[in-house]
Structure formats: C-alpha cells, structure tokens
Amino acid sequence: MAKAKEAKTRVFSDVDYERRGKQATVLRVPQSRNDSGWAVVQIPITVINNGKGKTVLLTGGTHGDEYESQIALAELARELETGDVRGRVIIIPALHFPAAINGTRLSPIDNKDLNRCFPGRPEGSFADVLAHYVTSVLLPITDVNLDLHSGGRSMEFVPSTTAHVLDDPAKMAETTALALAFGAPYHVVIKEVDSGYTFMTTCERRGVTAISSELGGGNRVSIPGLQATRRGIANSLRHLGMLKGKSDGDDTKTRIVTVPDYGCYAFAPQPGLFEPYHALGARVRKGEAAGALHFIDDPHRQPVVVRYGHAGELWCTRGQGPVAAGDPVAVLVAPA
Ligand SMILES: [Zn+2]
C-alpha cells in the first residue's frame, strides 16, 4: 500500500530520540491564547536510550482523569537510568496534559477526547495536533506501545490489559504474549466495532505492537489498579528483553476473556442514582438484576431495576453514583 506523505508536525522539542543517555524535557504544542499569542503547552517526556534494541513507547494520561498510569510512569521516568535499559524507552506520563492537569477525561482547551482524535491532523485543534505528533513522529520509531488507561471518574474495572482481535495470527500471538507477561487479572480481547480513531487502532494499522489497559478507576487512585500498573510495566519491559530480570507475570494467572456482544453492556434507561448489586469480578446470570436506579427527587417512586443482558463476570461498574440516560452501569466479560 502506498503511504501518503505525512504532513509536518507543529509540535517542537529539544528532545533528540537518537541521542544516547537519559533526557528529561518537554514537547511544546502551540496553543495561542488571548493573553499569549506564541504560547505552548509543555508536555513532560523522558527518553532513555541505551543503543541497539527495541523502542517502547509508554503513555499514560491519554484520559486526564485516569491517574494510575500517570503516577506509575512518572515514577519510572524518575527511577530508570540508561544502564538499566536495553534499547530505548520513551515515557510520557501525562500525554493529554491539559486534561491531566484539569483531572478530566477531555481537555478543557477543545473539549476533545484524545483517544478519539487519532491518527490526528496538524490543522486541527490541540488534541488533533498532539495525536498527529504521536502518529507521525513517535510511531515510526516505536516497536511496542503500552497506552495505559483506567476507569477514571465514570468507571471502575477489574485491573486488565486490553487488545483487539487482529487479522495477523503472528501479531496476535505477540500481542497476547506481551499482555500475559504484563500479568493483570484479566486480558480482555475485544472485536471492536467503532475503534477507528483510537491510539491502539492507529498503532495496529502501522504495525506497532500495542496493548492498552483498564487498571482501576472509580474516580480515585485505585490501590490494586496502581499495583497492577507498576508491576505490569516492569514485567512488560522484562518480557521485551529491555530490563534485567524475569517477568513475574505467571503468578497472577491472567485469564483471557472477551466482551462477546453489546448484551454485555447494561445501560441506564433514564437518569438516576445507581445502586450496584454486585462487586467487581462477581459471576452473574443473564436476566439477573444488576442494580437499581433510585429517584432522589421522588422518594415515593419505586426504583427501576437494571438487568444483565448476558451471563459473565462483572468487569466494569459505574465509578460514581449519579447516572445519565445511556450511561453504562455494568460491563461483563466471558471466557474468550
Ligand atoms: Zn481511558
């Protein structure tokens, strides 16, 4: 397939990806304001290059309210030294930086979800320009990407890695091996319908091995989520031969599961205060009550029961009580 010539990025930086050693600097994304015409948003980046080997790109904070990856990757950026690494590690703890500083999923600059803006475009708004930098500058030098997510404000997950069903069996096996090395309790393999504009899909289209994750959430820093994130990053780097030591991924016994169809999603039919009936990981039956919607403005009205449309295990629950109509309140997984 003939590749269209990439438009030039608008992001600039003094980072030199080819230079040996450890560099801690910033990416500068132009963001003109009324009170500062030549202003930039500065996104911290750490590059640790110890010569020959793979390049892994580690990104957190693609959604600003997903905190576990931001903490774990900042820690890694502080602690990892050139001598610890084989190859090159690029760490961006808070990729969608304005959203991360704001503690929100979307950026306050353009109200966009970065993970719906890939592959990006340089003539777009902030999130488009940033996605375009990742696609046009970082992905061509990247072998493996871990873009680490969690549930943020709206959801809470059993800590999991995620990946798509891929057409190429060799690439699929490589991706699954990486996820098993990461060692989260679940590895969720999804056949996604509308994933065209995500970071992971852009990696797949460009031949970059990619896994993502859902590591906690619930509108806070999840303790099991952060533990799984720290351990998973180190395990993945060892699995890739980029860090000394063996992966300790085996003792978790990661289970490969899937979300077979939309019956696995239970949505709130109307606004209310959602009372969940099950804890994360619970085994549930098709038709069983998932929880109840309460109507605080009308205490005499009977709550509405929301039911599971599939049998499975509770992978994701609502991260906060109030829900709008159409919000998912439960997502199930089933054996792959
Ligand atoms: Zn996310």
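**Close-up views of a predicted model**

View 1. The model is predicted: local features need pLDDT of at least 70, side-chain atom pairs count only at pLDDT 80 or more, and totals for chains, interfaces and linings use all residues. Residues are numbered from 1 along each chain as its sequence is written, and side-chain values use heavy atoms, with hydrogens and water left out. His63 (ND1), Glu66 (OE), Glu66 (OE) and His149 (ND1) coordinate the zinc ion at 2.0 to 2.3 Å. Donors are N, O and S atoms within 2.8 Å of the metal (3.2 Å for Na, K and Ca); water is not among the atoms, so sites may look incomplete. The angles among the four donor atoms run from 59 to 150 degrees, and the site is irregular.

**View 2. The largest nonpolar core.** This core has 30 residues. A nonpolar core is a set of buried Ala, Val, Leu, Ile, Met, Phe, Trp, Tyr and Cys residues joined through side-chain atoms within 4.5 Å. Tyr17, Leu27, Ile43, Ile92, Leu138 and Phe199 touch the most other members. β1 (21–30), β2 (40–50), β4 (87–92), α3 (126–138) and α5 (199–205) each supply at least two residues. Helices (H or I, at least four residues) and strands (E, at least two) are DSSP runs, numbered from the N terminus. The largest share, eight residues, comes from α3. Another core, of 28 residues, lies apart from this one; Phe182, Ile211, Leu240 and Leu243 are among its members.

**View 3. Around Phe199.** Neighbours within four places in sequence are left aside here. The contacts of Phe199 (heavy atoms within 4.5 Å) include Leu57, Thr59, Phe118, Val134 and Asp147.

**View 4. Ala330 in strand β18.** Strand β18 spans residues 328–335 and holds Ala330. Ala330 counts as buried because its relative accessibility is 3%. Beyond its neighbours within four places in sequence, Ala330 is in contact with Cys264, Tyr265, Ala266, Tyr308, Leu314 and Cys316. Gly216 is 114 residues from Ala330 in sequence and 14 Å away in space, C-alpha to C-alpha.

Key: Buried means under 20% relative accessible area, exposed over 50%, partly exposed in between (1.4 Å probe, protein chains only). Four donors count as tetrahedral if all angles lie between 85 and 135 degrees; four count as square planar and six as octahedral if opposite donors are over 155 degrees apart and all others between 65 and 115; anything else is irregular.
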